[in-house]
Amino acid sequence: MFYASLLCLLFPWGAVHASAVLDAYKYAWSNNGGYINFANVDVTESALTGHAWSTNFGWINFDPAQGGVLNDGTGNLSGSAWGEQTGWINFAPTNGGVTVDSSGDFAGYAWSENYGWVVFNCATDSTCSSYDHKVNIDWRPRGARPACNNATDDDSDGATDYPTDTGCTSADDTSEV
């Protein structure tokens, strides 16, 4: 019990909140390189971590120490991933950009310096093949989460989210009061 309490103090629910890509929806698409599998990429409040895999591109590294892809906490992605074959993949290029919406769906376009556009919304993009590809995660932007799990002190009492805020009985509570 002591260790569980210590972990809650060191890592409150809203502060860590890393989420994995859902297995059924893990592919982005590039007309110049095919599928990119995001199954080994995690999303946190501040960054994407891990590695994506492409049969044609090889491993793509999201390590923040290498520059990394950043998340502003509301689902707007920026920065770059690196792959030996793809070179830098920019997640916020001119005429593009990648976001994560309130359903956990990635949308938009990243730019690979060696292979061109990487598409995250192939379900609606006519430039993609006839397949329905998308990347979906169980992470949600702060504004789409319940009040007791959105990394915000909604009731201005100096305590943020469950279990720190005594107005929250669980991370699913919709009010910190």
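The model is a predicted one.

Of its 177 residues, 42% count as buried. The protein exposes about 9,100 Å², and carbon and sulfur atoms supply 53% of that area. Among contacts with a separation of 6 or more, residues 24 or more positions apart account for 42%.

Two residues are described in detail below: Glu45 and Trp117.

Glu45 lies in the loop between β3 (41-43) and β4 (47-54). Glu45 counts as buried because its relative accessible area is 8%, under the 20% cut-off. The side chain of Glu45 makes polar contacts with the side chains of two arginines, Arg142 and Arg145, as listed here.

| Side chain | Partner side chain | Distance |
|---|---|---|
| Glu45 | Arg142 | 2.8 Å |
| Glu45 | Arg145 | 2.3 Å |

Trp117 belongs to strand β11 (residues 116-119). With a relative accessible area of 32%, Trp117 is partly exposed. Leaving out residues up to four places away in sequence, Trp117 touches Trp29, Ser30, Pro93, Thr94, Asn95, Gly96, Tyr109, Ala110 and Trp111. The C-alpha atoms of Trp117 and Gly33 are separated by 9.7 Å, with the two residues 84 residues apart along the chain.

Key:
Residues are numbered from 1 along each chain as its sequence is written. This is a predicted model: local features need pLDDT of at least 70, side-chain atom pairs count only at pLDDT 80 or more; totals for chains, interfaces and linings use all residues. Side-chain values use heavy atoms; hydrogens and water are left out. Buried means under 20% relative accessible area, exposed over 50%, partly exposed in between (1.4 Å probe, protein chains only). Contact means heavy atoms within 4.5 Å. Accessible areas come from the Shrake-Rupley method with a 1.4 Å probe; for residues, only the protein chains shown count as cover. Helices (H or I, at least four residues) and strands (E, at least two) are DSSP runs, numbered from the N terminus. A polar contact is a pair of N or O atoms within 3.5 Å; within protein, one must be able to donate a hydrogen and the other to accept it, and residues adjacent in sequence count only if both atoms are side-chain atoms.
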